[in-house]
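Subject: Structure handover

Hello,

Here is the structure I promised you. Please open it next to this email and read along.

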Amino acid sequence: ATITAILLAPSFPLSPFVLGGIAITLFSVGLLCYRKSAPAAVFIWIVALTFLSMMRTQQVLIPARDDISSVDRSSLFWVRGSIVSDVDLRERKKVVFTLAVSHLSDGHVVRLAHGSVQVSGNASALMEMPETGDIFWLRGRLEAPPTATNPGAFDYRAFLANRGVFCWMRVRAEDTRFVQHQTTPLRWLVKNLREAIHRGNAALTPRFA
C-alpha cells in the first residue's frame, strides 16, 4: 500500500488535506465493518493506509511556505546547516550532499531558516572530505535543480523533490566556513559499517594490471 501510494502521489490531483480526510473516513468505516466482516475491514484499512501514505508523500512534494527555496534566487546568501545525507564523491573530486539548513544570512542579518539544499562543490573547496554531521556556513545562489529536457530523461528536480529538497547550491573554496563536526552514536555506527562494506567490496573486486 505504501509503495503504491508513493508511485501514485505525484499524479494524484487531491490535496494532502483531502487525502487525510479520506484516510480517516476509511479507518472509521473499517472499525464499523470489523464485527460483520473482518476481511472486509482489513481491506478497507489497507486502502486507508494507501491514502494516508499518499497524503504524506504529497506533503513532502510540496515545499513549505518558509522553505529556503522561496528566497530570492538572484542574490548570494550564506546558509548554515548540517550534512544529513551520505557525501557522494564523484569524478574530479566533486562532492554532493544534502544540507539541512538552520540559518540564512544576506551578509548583514542572520535569521532562522528551514528546509534542505543540495550542495555541489569540490572536495578541496571544503578544506577536507566532509562527513555526515558536519556543520558548515556556505555561500552561493539558491537555484532550482535542473530538470529533464528530453522525454524519458532523468529528472533531477523531481528526484530531489521526492526527498523534500527544492533547491541546490554550487560552492567555491572562498565560500565555505567549517563550523564543527557533530556526530551521534548511530551516525558513528553507520559510518563505520559503510567503511567496512567499502573495504570488503574493494577486496572482492578483481584487480587488473
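**Confidence first**

In this predicted model, helix α5 (residues 185-204) has the lowest confidence, with a mean of 75. Strand β1 (residues 77-83) has the highest, at 91. These scores are pLDDT, the predictor's confidence in each residue, from 0 to 100. The protein averages 82, and 94% of the residues score at least 70.

**Ground rules**

Residues are numbered from 1 along each chain as its sequence is written, and side-chain values use heavy atoms, without hydrogens or water. The model is predicted, so local features need pLDDT of at least 70 and side-chain atom pairs count only at pLDDT 80 or more, while totals for chains, interfaces and linings use all residues.

**Fold and shape**

There are five helices and eight strands. Helices (H or I, at least four residues) and strands (E, at least two) are DSSP runs, numbered from the N terminus. The order from the N terminus is α-α-α-β-β-β-β-β-β-α-β-β-α. The protein is more spread out than a compact globule, because its radius of gyration is 22 Å, well over the 17 Å that the globule rule gives for 209 residues. That radius is taken over C-alpha atoms, and the rule is 2.2 Å times the number of residues to the power 0.38. The C-alpha atoms fill a box of roughly 65 × 50 × 40 Å along the principal axes.

**Inside**

Of the 209 residues, 33% count as buried (under 20% relative accessible area, 1.4 Å probe, protein chains only). Take contacts (heavy atoms within 4.5 Å) between residues at least 6 apart in sequence: 69% join residues at least 24 apart.

Best wishes

Note on methods
Buried < 20%, exposed > 50% of the residue type's maximum accessible area, 1.4 Å probe, protein only.
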